[in-house]
Amino acid sequence: MLRIATLLLLCSLPALGNDLFIGTVSRHDTQLVLTRCDAAKNRYLLVDAEGNPQPVLPGLLNAGLDPQRPTYLALFAKYDARHGRDYLIVSAVKHLEQGRSCHLPD
């Protein structure tokens with residue numbers, strides 16, 4: 001029982017202090033934008049968390065995202081607003097799947 005509790009704790013570490021955001025990700029030059037899977041389709045610019053020992057965005061930028069196909073992304077992040085823009089400060093990626101969308105019209 002102790003092993004199961006320890007495993008569950010370790011699996012949840014990236015989520016501590018963060019929320020789970022789900023949407024589709026698109027690349028705009030060297031920036032990544034998450035469009036949430038909600039009716040409003042809120043858009044967030046993705047940035048790495050400061051001090052993250054394993055930065056997330058370089059891996060996503062090198063993932064070969066196809067601009068012609070949707071890419072589903074679930075990630076742990078904190079919301080921030082700067083200079084009139086919405087940002088997600090990313091701590092970890094939970095799931096990435098090219099060719100999948102969570103938006104109803106797709």
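Contact here means heavy atoms within 4.5 Å. With that cut-off, and leaving aside neighbours within four places in sequence, Leu-88 is in contact with Phe-21, Leu-34, Tyr-44, Leu-45, Leu-46, Val-47, Leu-75, Ala-77, Lys-78 and Tyr-79. The model is a predicted one, in which local features need pLDDT of at least 70 and side-chain atom pairs count only at pLDDT 80 or more, while totals for chains, interfaces and linings use all residues. Residues are numbered from 1 along each chain as its sequence is written, and side-chain values use heavy atoms, with hydrogens and water left out.

The overall layout comes next. The secondary structure comprises 2 helices and 5 strands, where helices (H or I, at least four residues) and strands (E, at least two) are DSSP runs numbered from the N terminus. Along the sequence these elements follow the pattern α-β-β-β-α-β-β. Of the 106 residues, 29% count as buried; buried means under 20% relative accessible area, exposed over 50%, and partly exposed in between (1.4 Å probe, protein chains only). The chain exposes about 7100 Å², and carbon and sulfur atoms supply 54% of that area, as computed by the Shrake-Rupley method with a 1.4 Å probe. Among contacts in the chain with a separation of 6 or more, 59% are accounted for by residues 24 or more positions apart.

The 5 strands form a closed barrel that runs 1-2-3-5-4 with mixed pairing; two strands pair if DSSP finds at least two bridges between them. From one strand to the next the twist averages 55°, with axes being lines fitted to C-alpha atoms and angles running from 0 to 180 degrees between N-to-C directions. Strand 1 and strand 2 pair in the antiparallel sense over 6 bridges. Within this pairing, Gly-23 stands opposite Arg-36 in strand 2, and Arg-27 stands opposite Leu-32 in strand 2. Strand 2 and strand 3 also pair in the antiparallel sense, over 3 bridges, and here Val-33 stands opposite Leu-45 in strand 3.

The connections between the strands deserve a look of their own. The hairpin of strand 1 and strand 2 has 2 residues between them, whereas that of strand 2 and strand 3 has 6 residues between them, with Lys-41 in the turn at a positive phi of about 50°. Most residues other than glycine have a negative phi. Asp-29, in the loop between strand 1 and strand 2, has a positive phi of about 60° although it is not a glycine. Asp-29 counts as exposed because its relative accessibility is 71%. His-83 is found in the loop between strand 4 and strand 5 and has a positive phi of about 50°, again without being a glycine. At 80% relative accessibility, His-83 counts as exposed.

What does the interior hold? The largest nonpolar core has 15 residues, and those with the most contacts inside it are Leu-32, Leu-46, Leu-73, Leu-75 and Leu-88. Such a core is a set of buried Ala, Val, Leu, Ile, Met, Phe, Trp, Tyr and Cys residues joined through side-chain atoms within 4.5 Å. At least two residues of this core come from each of strand 1 (19-28), strand 2 (31-36), strand 3 (43-48), helix 2 (57-61), strand 4 (71-82) and strand 5 (85-98). Strand 4 supplies the largest share, 3 residues.

Thr-71 lies in strand 4 and, at 1% relative accessibility, counts as buried. Leaving aside its neighbours within four places in sequence, Thr-71 has contacts that include Gly-23, Val-25, Leu-65 and Leu-96. Lys-78, also placed in strand 4, is partly exposed, with a relative accessible area of 45%. The C-alpha atoms of Lys-78 and Asp-19 are separated by 6.2 Å, although these residues are 59 residues apart along the chain.

A search of the whole structure finds 2 aromatic pairs; rings of Phe, Tyr and Trp (its six-membered ring) pair if their centres lie within 6.5 Å, and planes under 30 degrees apart count as stacked, over 60 as edge-to-face and the rest as tilted. Phe-21 and Tyr-44 form an edge-to-face pair, 5.9 Å centre to centre with 65° between the planes. Phe-21 lies in strand 1 and Tyr-44 in strand 3, so this pair ties together parts that are 23 residues apart in sequence. The rings of Tyr-44 and Tyr-79 have their centres 6.0 Å apart and their planes at 85°, so that pair is edge-to-face. Tyr-44 is buried, with a relative accessible area of 7%, whereas Tyr-79 counts as partly exposed at 45% relative accessibility. Phe-21, Tyr-44 and Tyr-79 form one aromatic cluster.
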